[in-house]
Amino acid sequence: MRFLLLFICGLHVSSALAVSSAPLVRWINERQSEPVAAVAAIQAERRWKLCALYPSLKDSYWLSINYGMVREAQRAGVTLQIFEASGYSQIDTQREQLALCRSWGADAILLGSSVAQFPNLAAAVGATPVIEVVNALGYAATKVRVGVPWFQMGYQPGRYLVEHATQRPLNVLLMPGPKDAGGSKEMIEGFRAAVAGSGINIVEVVYGDNDVEIQRNLLQDMLEQHPQINLVAGNAIAAQVAMGENRNRQQPLGIVSFYLSHQVYRGLKRDKIMVAASDQMVLQGELAIDQAIRVLQHQPLGNNISPHILTLTPGNISPQKVALSLSPLGFRPVYQLPSADVGG
């Protein structure tokens, strides 16, 4: 119980801080970044109407983004409307939601896309400014993007394995998530680049939606086809089901997660996961709101801004270290603000 209280309190305390108190970086490209100078926290000049779209709130990654957005919207004094598409590859649903944002009179749209390419996005958003959140689209009219390159989320865990893994050989199954969304291909490219020439063997890459049953079935099929696999690296849902699979194995699988979730956090604490990356999702949510306000008030921080990526292991994990990564235990999605309050 003491651990849970520390975890929750740590999240609440740090999330109440202004975005500008945390170190940020600007990505020059997928391999290079530079520090962003600290600036004063921004306050909305008026109650701007911000409309945010997510692929899904069943994924604790996006739940943590939601928490960060709500906290910063409360602090800055803006109105926030949230839509979720109930999964990836839901372009028709997100088109309808963009239309709802415009009819609501949104001053800016914060788009967490459920697809890697969004044809005719310009027609869907009209003159409304778009802030890309997490998933890059390469939309020419985007005002700013908030998010790390997904390449890095595969690269940094891969480098950790090269430098620290003692087990050899490592025969890896890669399970990045949906094939054409969520940065899956970029994470695989990053992991491949990290382990190139190391002797770490990638046995197979298998794609599937971030759903527990889908990921479990994929994992079991791959283990049956390739019994030499001894490490699973991929999305947080794959890491979660791999932990469950290990309960039935004499020789446990090594597990690597390309991003953090509440389940992955518990796996790290229990020494069941070797390493996980965190792009500090709560802070990303806060930063997305901050950037939207700055765009509307003509003072953005620049494009391709993100928090630092954390490399988390059983040896360094703590509630304080992930305080800007995960929503508090018990937090439920907020779809509209100011009609809802997540407390302080």
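Helices (H or I, at least four residues) and strands (E, at least two) are DSSP runs, numbered from the N terminus. The model is predicted: local features need pLDDT of at least 70 and side-chain atom pairs count only at pLDDT 80 or more, while totals for chains, interfaces and linings use all residues. Residues are numbered from 1 along each chain as its sequence is written, and side-chain values use heavy atoms, with hydrogens and water left out.

Axes here are lines fitted to C-alpha atoms, for helices over the stretch in contact, and angles run from 0 to 180 degrees between N-to-C directions. Helix H7 (residues 212–225) and helix H8 (residues 236–246) have axes that come within 9 Å and cross at roughly 60°. H7 is therefore oblique to H8 (angles under 35 degrees count as roughly parallel, over 145 as roughly antiparallel, 65 to 115 as roughly perpendicular and the rest as oblique). The crossing of H7 with H8 is right-handed (the near helix is turned clockwise from the far one; left-handed is anticlockwise by less than a right angle). On the H7 side, the contact (heavy atoms within 4.5 Å) is made by Val 212, Gln 215, Arg 216, Leu 219, Gln 220 and Leu 223, and on the H8 side by Ile 237, Ala 238, Gln 240, Val 241, Ala 242 and Glu 245. Seven of these residues are nonpolar, three polar and two charged (Ala, Val, Leu, Ile, Met, Phe, Trp, Tyr, Cys and Pro count as nonpolar, Asp, Glu, Lys and Arg as charged, and the others, Gly among them, as polar).

A second pair is formed by helix H5 (residues 150–164) and helix H6 (residues 184–195), whose axes come within 6 Å and cross at roughly 30°. H5 is therefore roughly parallel to H6. Their crossing is right-handed. The contact of H5 with H6 has eleven nonpolar, three polar and three charged residues.

Helix H2 (residues 60–76) packs with H10 at an angle of about 45°, and the axes are 6 Å apart. This angle makes H2 oblique to H10, and the crossing of H2 and H10 is right-handed. Among the residues in this contact are Tyr 61, Met 69 and Ala 73 of H2, and Ala 288, Ile 289 and Ile 293 of H10. By class, the contact of H2 with H10 has eleven nonpolar, four polar and four charged residues.

The next topic is the nonpolar cores. In soluble globular proteins, nonpolar side chains tend to be buried together. A nonpolar core is a set of buried Ala, Val, Leu, Ile, Met, Phe, Trp, Tyr and Cys residues joined through side-chain atoms within 4.5 Å. The largest has 103 residues, and Leu 50, Met 69, Leu 80 and Leu 110 have the most contacts inside it. Helix H10 (residues 281–296) gives the most to this core, with ten residues. Apart from this core lies another of 16 residues, including Cys 51, Leu 53, Phe 83 and Val 130. Which residues does Leu 80 touch? Not counting residues up to four places away in sequence, Leu 80 touches Leu 50, Ala 52, Met 69, Val 70, Ala 73, Ile 289, Tyr 335, Gln 336 and Leu 337.

Leu 337 also takes part in a cis peptide bond, to Pro 338, with omega near 25°. Pro 338 sits in the segment after strand S15 (336–337).

Some other single residues can now be placed. His 262 belongs to helix H9 (residues 262–269) and counts as buried because its relative accessibility is 9%. Its contacts, leaving aside neighbours within four places in sequence, are Ser 60, Ser 64, Leu 326, Ser 327 and Leu 329. Asp 107 lies in the loop between helix H3 (91–104) and strand S5 (108–111), and is buried, with a relative accessible area of 18%. With neighbours within four places likewise left aside, Asp 107 is in contact with Arg 46, Trp 48, Lys 49, Thr 128, Pro 129 and Leu 296.

Ser 89, which is not a glycine, has a positive phi of about 60°. Ser 89 is in the loop between strand S4 (79–84) and H3, and counts as partly exposed at 48% relative accessibility. Val 134 also has a positive phi, near 70°. Val 134 is in the loop between strand S6 (130–133) and strand S7 (144–146). Is Val 134 buried or exposed? With a relative accessible area of 1%, Val 134 is buried.

Notes:
Buried means under 20% relative accessible area, exposed over 50%, partly exposed in between (1.4 Å probe, protein chains only).
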